[in-house]
Structures are given as structure tokens and as C-alpha cells.
Amino acid sequence: MTVSNDPIKFLLVDDLPENLLALQALLKRDGLAFDTAHSGEEALERLLVNDYALALLDVQMPGMDGFELAEFMRNSERSRHVPIIFLTAGTNDTARRFRGYEAGAVDFIQKPIEADILRSKANVFFSLYSQRRQIAAQRDELAALGASLKAADHQKNRFLAVLAHELRNPIMALNSGLHLLQRREGGDGTADIRTAMNRCLSHMTRLVDDLLDVSRIEKGKVSLKRETLDLNDVLSLAVATSRPLIDEAGHTLILDLAPEPMLLDADHARLTQIIGNLIGNASKYTPAGGEIRVRAGVEGTHALIEVADNGIGIPADQHDRIFGIFEQVHADTDGTYGGLGIGLALVKQLVELHDGRIALKRSVPGEGSIFEVRIPMLGTTTG
Ligand code: ADP
């Protein structure tokens, strides 16, 4: 951090040169410099170009007196907050003439000046100003840090997008090769191997697609292909697509659709992706033989979709984290769960593109989780 080493400045205003000299002698200390002015007009000129930690104003001066000068100071944006100490010769009554108390500090010292009182009052403003300088330097340093963090974040996102693109092509090539092999199935006992490879490939494809989606959304490049659709159809498709995963884990899936069609103006593929992702998580974070419920209903102007499981759940103090990108609650050191921690962040962004909301309604470790998604029904979309 670079805090300015320039001396802190006080402005001393008095028409009598000997008083200015006496004040400087009284207040002299390391790190403090004085500007002097012999009249209100001269003081105003100095105030235009300098920053002062304190202005000491003699009240009785020929021409513009100390109070008039102070009024001018308070009316100018530049000098509005400069603290003022008036040096008055009269009684306390004269002090009442000044009406600029709202802005900046104001104090009074009566002549003849008591050296200790003046010094201790002036020292307060000296310290305040040097603290303010330090805070300003810290603020600048934080801003610079923030900017470099932002740049690093952009760089990371660019890298992820490039990585995803690079991975996508070889995966596609492997996929086609695998399909070709499948067609030439010769009963040579390699079917199991191919099935396993297929599963790995679809997992990788999904990860890479998610990564690409995240970077596309960040760049504002995802636009929805909206159409009128029945949510019940989307739910049935999402469940059918997730079925192999659910069966493999031995889960039971209960689909509770609304009796009526639920019409939405939404992107079919993206909505399927949203629900498929939630069902995928429900299946992944539930020990074998669990129960997953997918329910749809109407709530006011919105369609409400609930995906519930009786799996491992999420501790309460982690609930806020899970929709953040790369956030994972359950350490996956041995690869049990798989994933990059982008699924829910992506789902949230896709829901919001639909003018909808997603929330973790309830989640208790050992009992399970309920995620809920609200999407405006047809005719209620706001934007
Ligand atoms: P991941 O790729 O790790 O699954 P997500 O963004 O989909 O990433 O989810 C973020 C984290 O939230 C997960 O790592 C997991 O810890 C937690 N999580 C998500 N869904 C569930 C769920 N149904 N039950 C328990 N934990 C979950």
C-alpha cells in the first residue's frame, strides 16, 4: 500500500503576520506544513488548489471576516468538509453568528490562545486526516486487487471455454467410433466394454456441454427457443431420459403430474435439461435404493416443479453455496459422485432466463432434499 508521504497541510488565516508566525511556532510538528493567508480572499484562492486537514480562521479581519470566509467555504464543494477552528477575540456570543455547522467540524478557541488547548485540538484533525489518507490508500489498493481478480476470473473462464472446445472434438470422434463398432457387433463379447465406454463418454459429453453452456451464458450467448409446451410432457421426457441412471442405482421414482396440461412459453430442450439435472443430482446424492419424487402443480401464476429425494442431504450452513459456480458440498476425493460443481449454477441461470426462480426448499443431512422451480405459466411471462 502506498500512503502519500507529502506533509499534511493546515491553512492559517489572520491579517496580522505576527499572529501567523506565532501560530506556526505553536503548532509545528513533523509531517505538518502550513499555508498562510492574510485575508479571506487570499484564503479562498488557496482553498481552490489545496487540500487542508484544518483551517484556523481569525474571526476579526478587515474586509471578509472569518465567519464570511467560513460561509464561502461551506458553499464550495471543494472546501465544504475542511474542519474549521475559529480564533475569536470576543465572548462566546460571537460564535453564534456562524451557521455552517451541518458540514464539517467547527470549533472555537478564544484569544488569548492557550497553547495546550490549541495543540490538542489541532492534533485531533491532524490524526483524522492521516487516517483518512490511509483509508483512501487501502481503498485504492482494494480496487486494484478487485480489478486484477476480475481479470484473473475472465482468464479462467476463457481457459475453461477453450478447454471445453478442445475436449469436445475428440469426444465426438470417440462417440462416432463407438457407434460404428456397435453396428458391427459380432458377438465377440465386447458388448460390456462398449456399454461401459458409452457411459463414460456420455458423462464426459455432459460435463463438457455444461462447461460450454456456462461460458455461453456468461457471454449472454444463450437465447431460449421459446414455444408453447405442456410441462407434463417435458417432465415425462426428463424422467425417461434419467431412467437408466435411476434404475442402475435401484431407486424408485414417483412422478406426480398435474391432472391438467400445464402450458408454458419455454425452451423445451432447456427445460428438460433443468429438470434432468435436478433428477440426476437427486439420484447421485441418494444411497442406492432411495426414493425420488418429481411433482408438478400450479401455484398462482406459476408452475411449480418439485424434485425431492431421501438422500444424503445438505447441511444448513451450506444451503446458500450450492447454486454458486464450482461449489461442491460433498467432498468427492474418491470420485464417488463425479461432477464439476456447475450443474446447479447452470440450472439456476437457465431457470432465470425463463423468468423463473429455483430454491432449495428443504434439505437435512441423512433425510434428503427438496428443490423447487417456479416458471411463469403462459400469459404471465413478464419479459
Ligand atoms: P455437482 O457437479 O458437484 O453435482 P451441482 O452444481 O449439481 O454440482 O451441485 C452442487 C453441490 O450441491 C453438489 O456438489 C452437492 O454437494 C450438492 N447437491 C446438489 N444436489 C444435491 C442433492 N439432491 N442432495 C444432496 N446434495 C446435493
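These questions and answers go through a predicted model and the terms used for it. Local features need pLDDT of at least 70 and side-chain atom pairs pLDDT 80 or more, while totals for chains, interfaces and linings use all residues. Residues are numbered from 1 along each chain as its sequence is written, and side-chain values use heavy atoms, with hydrogens and water left out.

Q: Why is Asn 277 called buried?
A: Buried means under 20% relative accessible area, exposed over 50% and partly exposed in between, with a 1.4 Å probe and protein chains only. Asn 277 has 14% relative accessibility, so the residue counts as buried. Asn 277 sits in helix H7 (residues 268–284); helices are DSSP runs of H or I with at least four residues, strands are runs of E with at least two, and both are numbered from the N terminus.

Q: What is Asn 277 in contact with, leaving aside neighbours within four places in sequence?
A: Contact means heavy atoms within 4.5 Å. On that basis Asn 277 touches Asp 210, Gly 343 and Val 347.

Q: What makes the buried residues of H2 line one face of the helix?
A: In H2 (residues 40–49), the buried residues are Gly 40, Ala 43 and Leu 47. Seen down the axis of H2, they fall within an arc of 55 degrees, so they line one face; the arc is that of the directions from the helix axis to the C-beta atoms. An α-helix has 3.6 residues a turn, so residues three or four places apart point the same way. Glu 45, Leu 48 and Val 49 are exposed on the other side of H2. The cover over the buried residues includes strand E1 (8–13), strand E2 (32–37) and helix H3 (66–75).

Q: Why do E2 and strand E5 (106–110) stand at the edges?
A: Two strands pair if DSSP finds at least two bridges between them. The open sheet has five strands in the order E2-E1-E3-E4-E5, with parallel pairing. E2 and E5 each have a single partner strand, so one side of each is left without a neighbour in the sheet.

Q: Which strand do four bridges join to strand E3 (residues 54–58)?
A: The partner is strand E4 (residues 84–88), which runs parallel to E3. Leu 56 stands opposite Ile 85 in E4.
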